[in-house]
Amino acid sequence: MKLKRVFFDLDGTLTDSMPGITKGVQYALKHYGIHVDDLSVLKPFVGPPLFDSFKRYYNFSDKDANDAIYVFREYYDVKGWMDNAPFDGVEDMLKTLKEAGLELYVATSKPEETAKKVLEYFQLTEYFKFIGGASMDEARVNKDDVIRYVLEENCISEEEKPSVIMVGDREHDVKGAARNGLPCIGAVYGYGSADELTEAGAVALANTVADLHTL
């Protein structure tokens, strides 16, 4: 079946959101008496669900991880979300793909309301048929759940899945796509490495947005 639909991750795939996210994590950690001066140390937080990252990297309990997300939002929802920019070439790529007849979607672990706000701010909303993200109550946050939600909300059947491909920069994108029966292109220019994406099962790698455009 011919490719008809492209699902895009947001952070690290369409936009360079690392400054705002790492500053938000720094703000949340400070609330718990953890001081991190080098923001590059917090780069692994960009992409995966924050709940998982607080637990994995700082051994937070479930309660503290959930509470830390709300502290993070105190910073991020006010100013951190604007400390962000589309990667060079992203808008041209989206415009060309849409003009070629492809349907474009967003599937992100960022809260859906925030994702819509970011894309509206950078005037990219018009390129997408649907913008899907995590629910504010964290009930839908894992990438496989978000992708399933986008598929269901757009009535994309099992028979139509061969017309869909995912694009993301972390292993969570690749594995989440696979759990929904979709292939995934790894965006190496984002926050994951080529090794991470290849080991997760990416069907192809894009070192730049231009590479992704070509693929």
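Over the ring of which residue does the charged end of R140 sit? Select R140 and Y149: the charged end of R140 lies over the ring of Y149, 3.6 Å from its centre. A charge counts as sitting over a ring if NZ of Lys or CZ of Arg is within 6 Å of the ring centre and within 35 degrees of the ring normal.

This is a predicted model, in which local features need pLDDT of at least 70 and side-chain atom pairs count only at pLDDT 80 or more, while totals for chains, interfaces and linings use all residues. Residues are numbered from 1 along each chain as its sequence is written, and side-chain values use heavy atoms, with hydrogens and water left out.

Next, select R73 and Y70. Here the charged end of R73 sits over the ring of Y70, 5.4 Å from its centre.

**Aromatic pairs**

Colour the rings. The whole structure holds 13 aromatic pairs. One of them joins F7 and Y105, with 5.0 Å centre to centre and 50° between the planes, a tilted arrangement. F7 is in strand β1 and Y105 in strand β4 (residues 103-111), so the pair links parts of the chain 98 residues apart. Rings of Phe, Tyr and Trp (its six-membered ring) pair if their centres lie within 6.5 Å; planes under 30 degrees apart are stacked, over 60 edge-to-face, and the rest tilted. Helices (H or I, at least four residues) and strands (E, at least two) are DSSP runs, numbered from the N terminus.

Is F7 buried or exposed? F7 is buried, at 0% relative accessibility, and Y105 is buried too, with a relative accessible area of 1%. Buried means under 20% relative accessible area, exposed over 50%, and partly exposed in between (1.4 Å probe, protein chains only).

Then select Y32, F45, F54, Y57, Y58 and F60, which form one aromatic cluster.

**The largest pocket**

Move to L3, V6, L97, L212 and L215. These lie nearest the centre of the largest pocket, which is lined by 13 residues. Its volume is about 150 Å³. On a 1 Å grid over the protein atoms alone, a pocket is an open set of points where a 1.4 Å probe fits, with protein on both sides within 12 Å along at least five of seven lines; lining residues have an atom within 4 Å of a point. Grid points are joined across faces, edges and corners, and the volume is the space filled by probe spheres set on the points.

Show β1 (5-8), α4 (90-99), β6 (164-168) and α9 (209-214), each of which supplies at least two lining residues. α9 gives the most, with three. The lining divides into 11 nonpolar residues, two polar and no charged. Ala, Val, Leu, Ile, Met, Phe, Trp, Tyr, Cys and Pro count as nonpolar, Asp, Glu, Lys and Arg as charged, and the others, Gly among them, as polar.

Select T114 in helix α5. T114 is buried, with a relative accessible area of 7%. Leaving out residues up to four places away in sequence, T114 touches Y76, D77 and W81, where contact means heavy atoms within 4.5 Å.

Q123 is in the loop between α5 (112-121) and β5 (130-134). Q123 has a positive phi of about 55° although it is not a glycine, and is exposed at 59% relative accessible area.

C155, in the loop between α6 (143-153) and β6, also has a positive phi, near 55°. C155 is exposed, at 66%.
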